[in-house]
Amino acid sequence: MLGLPTPLLAAALALTGPAVSTAPASADAPTPAQDTSTAAPTYSAEQARADLDALVNGRGREYLEARARLEANAAVSAPLVLERLSAVPAPGPGERGRLLALLGTFKRPEDLALFADQLRQLARRRDADLAAIELWRRLLREQGGAATAALSELVADKEIHEDIRAQLLTDLVEAYPSERLDELVALLGLGQTLLRRELQRALSRRARARPDDRPRVADAVDARLDQAAAGATADRHHVAALISLRAALIEPSNAAERSSFARRVGQLADSPTAQFAVRVSAVRGLVTLGDEPEAQAGLERVLRSSLAPAVREQQAAEILGWIALRGLAPARAQPLIREHALLQAEAPRYASAAYALAPEPPAGTWTKWLSASQQHPWPQVRSAALDRVHAPCDPDVSRLIGALSDETRRSGDDEITVARAAMAALGRCEDEGAARQLEGILRKHKLDQDWRGEAARQLVKHYGATGADAVARSLDIEADLATALRFIRALRLSSEAATPAVRAALCTATETTELASEARASLSSLFAGDDRRCP
C-alpha cells in the first residue's frame with residue numbers, strides 16, 4: 001500500500017490485480033522493435049563518438065544531423081552514451097542533459113533501471129537537487145507505460161522525501177495502463193496522508209483529462225462503493241476517498257449520474273452498521289450534490305433518523321444530523337426546524353445551523369427574534385443569529401446590536417466571537433444609527449483592543465470616507481499603541497479611506513517609532529504613486 005510497511009508499491013498493487021511488469025503495458029507503450037533500430041552497416045563506433053562530440057558541443061545543423069544519426073543507430077550509439085555518462089571526470093550539466101535526452105529517445109527498457117537509480121540517488125539526499133530530479137522524472141515519463149515498475153519502486157522507497165514521492169506518484173498514475181486503473185482505485189485512501197491525497201488528485205485529473213478513462217475509473221469506484229454498502233469490510237479512509245473521487249467525476253449536467261450517485265452514497269449514509277466515519281463521508285457526499293432531489297431526500301432521512309428520541313442525545317447522531325441539516329435547501333429544512341424546535345435545541349450544532357436556515361422574522365419582529373436568540377448559552381448560536389442581520393435595520397435593532405457589541409454594558413456580550421458578529425451586523429446595516437453605535441465603541445477606551453479594532457474595520461469597510469475619517473480621528477488621540485496599530489491596519493481595507501484626514505493621521509503616526517512601519521504601509525496602500533504623502 002502507499003506508504004505502508006511494504007518494500008515496493010508493486011507488492012501493494014499485487015493485492016488487487018496482476019503484478020506490475022516491466023514489459024510494455026499498453027498499445028501506446030514503446031517496444032524495442034518500434035524504437036531501437038539495427039545499426040546501418042556503414043555506421044561505426046568511431047562515427048558515433050564523433051557524432052556524440054557534435055551532440056554535446058555543436059549547434060544548429062551540425063547538432064541536428066548528429067542527433068538524427070545517433071537516434072537512427074541506437075544499437076551502436078546507446079552503449080557509447082552510457083560509457084560517456086559514466087566517464088571520469090563526469091560530464092558537466094549541459095553535456096549530461098543532452099546525453100540523457102538522447103538516451104531517453106531510444107526508449108530501451110534496459111535503460112529504465114539507470115534512470116530510476118540515478119533519480120533514487122539524488123532524491124535520497126538531504127539537499128536534493130530538484131532540477132536534476134526533474135530531468136530524470138522527465139526521462140521516466142517519456143518511457144510511458146514501460147516505466148510503471150520503476151516508478152512503483154520509487155514511490156514505495158521510504159528513504160525518499162515524501163514530497164518527491166508524491167510527485168513520482170503523479171507520474172505513475174499518468175503512465176499506468178488504462179485497463180488496469182482499477183488497481184489504483186483499490187489503493188485510494190490507504191497509506192500516508194500526503195500520498196493518498198496525491199493519488200486521489202492524480203486519478204481525478206487523469207479521469208477528467210482522458211474521456212476514455214473516466215468511465216473506467218467511475219465504474220471501479222462504483223463497484224467498491226456497492227461492496228461497502230452491501231456490508232463488505234472497508235477502511236474508512238478508503239471509502240471516504242472513493243466518495244470524494246466519485247463526486248469529483250460527476251458531470252453536473254448528467255442528472256441520471258447524479259441521481260445514481262445519490263442513491264449509492266445514500267445507502268451508506270443510512271446504514272446503521274457502517275462505520276461512523278464512513279457515514280460522515282457519505283453524508284458529505286450527498287451535500288456535494290446540492291439540490292439534487294435524491295440527495296436532498298437522503299439528507300432529510302439522515303436528519304430525521306438522527307433526531308429520533310432514542311439517539312438524539314448521542315454525539316455521533318448529532319454530528320450526522322448537523323451535516324445533513326446544513327446541506328438541506330432552506331425550503332426543505334425549515335419544516336424540520338419547526339417540527340423539532342431546533343432554534344431552541346440545546347445542541348449548539350443544531351441550533352446554529354437552524355438559525356442559518358430558518359426563515360427571516362417578519363418586519364417589526366427582528367428585535368424580539370434577536371433578543372431570544374441571544375439567550376442561548378452557546379456563543380456560536382448567538383453569532384449565527386446575528387449573521388442573519390442585513391440592511392435595512394430598524395433603529396431598535398441597531399441599538400440592541402450596539403449594546404451586544406459593548407461588553408462594558410450590562411447587556412453586552414463578553415465573547416469576542418459574538419461581539420465581532422454583532423459589529424459585522426452593524427456594518428451590514430449601513431445606516432447612520434449603526435454607524436453611531438460603531439463610533440461609540442471606537443471611542444470607548446475601557447473596551448479591549450480587539451473590540452475597538454473590529455469597530456474600526458467595520459467603519460472602514462461599510463461606511464466609506466465618513467467611517468474612515470472617524471477612525472482617523474480616533475487614531476489621532478489614541479494612546480494605546482496596540483489599539484492604534486489595529487486602527488492603522490483597518491484603514492487599508494477600502495480605497496475610499498484615502499481622505500485628507502486619514503493621510504494626516506497616518507503621517508502623524510509615522511513619527512511614533514512603534515507605529516511608523518505600519519503607518520507607512522497604509523500610506524503606500526492608500527496613496528500609491530503620490531510622492532508627497534507626508535509634509
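Residues are described here as buried when their relative accessible area is under 20%, as exposed when it is over 50%, and as partly exposed in between, with a 1.4 Å probe and protein chains only. The structure is a predicted model, in which local features need pLDDT of at least 70 and side-chain atom pairs count only at pLDDT 80 or more, whereas totals for chains, interfaces and linings use all residues. Residues are numbered from 1 along each chain as its sequence is written, and side-chain values use heavy atoms, with hydrogens and water left out. Helices are DSSP runs of H or I with at least four residues, numbered from the N terminus.

Helix H26 spans residues 449-462. Its 14 residues reach 20 Å from the first C-alpha to the last, close to the expected 20 Å, where the expected span is 1.5 Å times one less than the number of residues. The buried residues of H26 are Trp451, Arg452, Gly453, Glu454, Ala455, Ala456, Gln458, Leu459 and Val460. The cover over these residues includes helix H23 (395-405), H24, helix H25 (432-443), helix H27 (464-477) and H28, contact being defined as heavy atoms within 4.5 Å.

The crossing of H25 and H26 is left-handed, a term used if the near helix is turned anticlockwise from the far one by less than a right angle, with right-handed used if clockwise.

Helix H7 (residues 109-123) has 15 residues and extends 22 Å between its first and last C-alpha atoms, close to the 21 Å expected. In this helix, Asp111, Leu112, Phe115, Ala116, Gln118, Leu119, Arg120, Leu122 and Ala123 are buried. These buried residues pack against helix H5 (74-85), helix H6 (93-106), helix H8 (130-142), helix H9 (148-155) and helix H10 (162-175).

The axes of H6 and H7 come within 11 Å and cross at roughly 140°. H6 and H7 are therefore oblique to each other, given that angles under 35 degrees count as roughly parallel, over 145 as roughly antiparallel, 65 to 115 as roughly perpendicular and the rest as oblique. H6 passes H7 in a left-handed crossing, and the contact is formed by Arg96, Leu103 and Gly104 of H6 with Asp111, Leu114, Phe115 and Gln118 of H7. For helix H4 (residues 60-72) and H6, the axes come within 10 Å and cross at roughly 40°, and these two helices are likewise oblique to each other. H4 passes H6 in a right-handed crossing. Here Tyr63, Arg67, Leu70 and Glu71 in H4 meet Arg98, Ala101, Leu102, Thr105 and Phe106 in H6.

A nonpolar core is taken as a set of buried Ala, Val, Leu, Ile, Met, Phe, Trp, Tyr and Cys residues joined through side-chain atoms within 4.5 Å. The largest such core holds 155 residues, of which Leu140, Leu203, Leu325, Leu370, Ile401 and Leu491 touch the most other members. Helix H24 (residues 416-429) supplies the largest share of this core, eight residues. Apart from neighbours within four places in sequence, Leu203 is in contact with Val173, Leu181, Leu184, Val185, Leu188 and Leu245.

Several loops carry backbone features of note. Most residues other than glycine have a negative phi, and most peptide bonds are trans. The peptide bond from Val88 to Pro89 is cis, with omega near 0°, and Pro89 is found in the loop between H5 and H6. A cis peptide bond also links Ala391 to Pro392, with omega near -5°; Pro392 lies in the loop between helix H22 (379-386) and H23. Ala341, although not a glycine, has a positive phi of about 50°. This residue lies in the loop between helix H19 (330-339) and helix H20 (348-357) and is partly exposed, with a relative accessible area of 35%. Glu430 has a positive phi near 50°, is located in the loop between H24 and H25, and is partly exposed at 48% relative accessible area.

How values were computed: Axes are lines fitted to C-alpha atoms, for helices over the stretch in contact, and angles run from 0 to 180 degrees between N-to-C directions.
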